[in-house]
Amino acid sequence: MCGIVGYIGFREAYPIIMKGLERLEYRGYDSAGIALYDGNRINLAKTKGKVIDLKQRSEANIPLNGTVGIGHTRWATHGVPNDVNSHPHYSNSGNLVIIHNGIIENYESIKQELTKRGYTFESDTDTEVLINLIEEVKTKENVLLGKAVQIALNQVVGAYAIAVFDVQKPDEIVVAKLGSPLAIGIGEDEFFIASDASPFIEFTNNAVYLEDQEMAIVRLGKEIKLRKIKNDAIAYPMVQELQFNLEEIEKGMYDHFMLKEIYEQPSAIKDTYRGRLLVDRDIIKMSGIDDNLEKFLNANRIIIVACGTSWHAGLVAEYIFEDLARIPVEVEYASEFRYRNPVITEKDVVIAISQSGETADTLAAIKLAKEKGAFVFGVCNVVGSSIARETHAGAYTHAGPEIGVASTKAFTTQITILTLIALKLAKEKGKFSESKFHEYLSELDNIPGKVEKALQSNPLIEIIANEYKDSENCLYLGRGYNFPVALEGALKLKEISYIHAEGYPAAEMKHGPIALIDEHMPVIVIATNKGHYEKVVSNIQEIKSRKGKIIAIVTEGDEQVKELADHVIEVPETIECLTPLLTTIPLQLLSYHIAIMRGCNVDQPRNLAKSVTVE
């Protein structure tokens with residue numbers, strides 16, 4: 001949500017910042033802006049719309065030279081998306097300029113006080129209030145920019161990642177973080193600032209990720225100076241070596257990041273279990289579990305907290321943990337978890353799932369669980385992310401960067417990690433024989449090849465998509481392990497095609513949704529030959545008798561459903577608990593093709609952000 005890019009060094013800042021903003025477009029935004037310092041003044045351009053619109057405005061209206069600059073893509077919170085509310089924002093004097101990701105909750109009271117002191121405001125944003133508060137502190141206290149930022153931030157309530165520039169200190173940029181990610185790339189005589197490392201990966205592999213309540217002064221010719229915002233204590237930067245390369249964040253041969261990431265799933269799943277799944281030795285090796293095994297084995301229950309697609313992965317995990325390891329599991333929306341005064345004890349294990357590792361609601365749930373004494377285990381994709389740092393232990397999915405806003409490989413790699421954990425615990429608890437354990441490990445090892453085969457249905461799925469691209473509603477049905485897959489399939493269609501879709505347990509259709517079914521209603525039914533196959537076939541017959549259009553996801557060689565369905569998409573056979581890793585593939589492709597045919601922006605759906613870092 002929002003994107004921050006900054007540069008200070010010896011290169012021209014404009015192309016670096018613009019390229020960086022393009023790489024952060026996946027985060028979701030509605031406007032963009034840039035401020036460049038040319039040695040004399042700040043030159044600012046901003047506009048509602050996309051980065052391409054900002055390029056056109058910048059190149060037509062401002063000088064583009066300068067080796068210092070900051071840029072921003074905004075996802076509107078305070079104030080509608082328009083040119084004025086776009087970032088960066090000036091202070092009243094024009095000497096300070098800021099970009100900001102997050103929300104200042106007490107901005108209104110601060111604004112009222114500043115207005116009494118003669119400050120005026122052009123925008124409706126909380127960000128313009130913050131930069132003028134910093135200026136007021138700087139002037140009133142007669143301090144340098146870094147100190148003014150620190151004092152001001154101790155007066156605000158909310159979340160932020162900010163970068164501030166002062167024309168009176170043109171060799172430095174001040175940055176700070178609370179609840180919203182911020183990385184500093186360290187080069188030779190240059191620094192890069194960004195919401196994640198993607199904007200500067202071709203320039204440096206070294207990065208510092210700010211912790212919450214930390215600020216940094218990035219100054220030419222000097223080492224980074226880190227301080228704690230609350231007490232001014234010195235903090236020491238930990239330089240991390242970046243683990244991904246430029247090719248991973250480019251589209252390559254694919255038209256869209258989403259399609260690329262769908263097709264990356266065989267390798268992403270394999271990378272997720274690489275070094276952990278040792279089939280020849282019948283071992284699952286995961287340090288985060290091995291080092292805390294007793295916590296899991298002695299847990300009264302496991303509580304899974306997550307949002308969106310990660311919540312659906314958690315629902316799949318609920319079936320897997322309870323079925324295989326016989327451990328009670330509850331799956332909670334992280335956004336609701338902390339507001340309902342949940343019962344949490346020291347005997348609980350909380351698993352927090354997030355692709356980005358920065359999801360605000362999930363981080364808040366982690367904080368509450370830790371306060372209650374629970375052991376908290378994180379599952380995320382981004383090394384060095386907030387969830388990776390805040391949890392007691394965890395496991396990375398190693399899926400590589402996921403740029404498309406609608407998660408695809410995040411879902412399958414999260415399920416892979418959670419399956420590994422469940423299998424390991426089942427073995428430790430004596431629920432599996434040696435032969436059965438080996439069978440499950442071998443089958444999981446075969447899943448990437450079976451995903452490859454499932455992807456071969458793409459041409460058929462494109463034909464089906466063309467038939468239903470103009471539908472206004474859609475139902476998704478599944479049972480058991482594939483009920484969460486139905487929810488995820490419906491979410492994908494909603495997210496990127498803007499067609500209303502709902503997922504249900506197949507048996508629940510008779511308790512209301514069946515009233516919607518007519519000859520215009522496409523119904524996607526997951527009907528693999530494992531689990532409740534005959535029950536699902538009965539549900540399909542009920543749909544057919546009401547003239548609904550049936551798209552069925554079936555196991556290879558199925559004949560019974562083929563006689564009933566209007567369209568059949570086959571996936572390879574596998575163990576029941578692993579079927580979600582295959583059945584989700586056609587649903588991802590179906591959503592993708594329908595969205596493309598409707599002219600939608602699949603990588604940047606309207607109103608959505610990749611990383612939701614505010615409530």
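This is a predicted model: local features need pLDDT of at least 70, side-chain atom pairs count only at pLDDT 80 or more; totals for chains, interfaces and linings use all residues.
Is leucine 114 buried or exposed?

Leucine 114 has a relative accessible area of 1%, and because anything under 20% counts as buried, leucine 114 is buried. You will find leucine 114 in helix H3, which covers residues 107–116. If we set aside the neighbours within four places in sequence, the residues in contact with leucine 114 are Tyr119, Phe121, Val129, Asn132, Leu133 and Glu136. To give a sense of distance across the model, leucine 114 and valine 350 are separated by 236 residues in sequence, and their C-alpha atoms lie 44 Å apart in space.

Let me now turn to the chain as a whole. The secondary structure comprises 19 helices and 27 strands, and 61% of the 615 residues in the chain are buried. For a chain of 615 residues, a compact globule would have a radius of gyration near 25 Å, and the 26 Å of this chain agrees with that. Along the principal axes, the C-alpha atoms fill a box of roughly 80 × 55 × 45 Å. The accessible surface of the chain is about 23,500 Å², and carbon and sulfur atoms contribute 47% of that surface.

Next, a pair of helices. In general, two packed helices are described by the angle between their axes and the distance between those axes. Helix H14, residues 409–428, and helix H19, residues 580–597, have axes that come within 10 Å and cross at roughly 175 degrees, and H14 and H19 are therefore roughly antiparallel to each other. On the H14 side, the residues that meet H19 are Phe411, Thr412, Ile415 and Thr416, while on the H19 side they are Pro580, Leu581 and Thr584.

Finally, a residue in a loop: serine 457 sits between helix H15, residues 434–455, and helix H16, residues 458–468. What is the relative accessibility of serine 457, and how does that residue count? The value is 14%, so serine 457 counts as buried, the cut-off being under 20%. Not counting residues up to four places away in sequence, serine 457 touches Ile569 and Glu570.

Technical notes:
Residues are numbered from 1 along each chain as its sequence is written. Side-chain values use heavy atoms; hydrogens and water are left out. Axes are lines fitted to C-alpha atoms, for helices over the stretch in contact, and angles run from 0 to 180 degrees between N-to-C directions. Helices (H or I, at least four residues) and strands (E, at least two) are DSSP runs, numbered from the N terminus. Angles under 35 degrees count as roughly parallel, over 145 as roughly antiparallel, 65 to 115 as roughly perpendicular and the rest as oblique. Contact means heavy atoms within 4.5 Å. The radius of gyration is taken over C-alpha atoms; the globule rule is 2.2 Å times the number of residues to the power 0.38. Buried means under 20% relative accessible area, exposed over 50%, partly exposed in between (1.4 Å probe, protein chains only). Accessible areas come from the Shrake-Rupley method with a 1.4 Å probe; for residues, only the protein chains shown count as cover.
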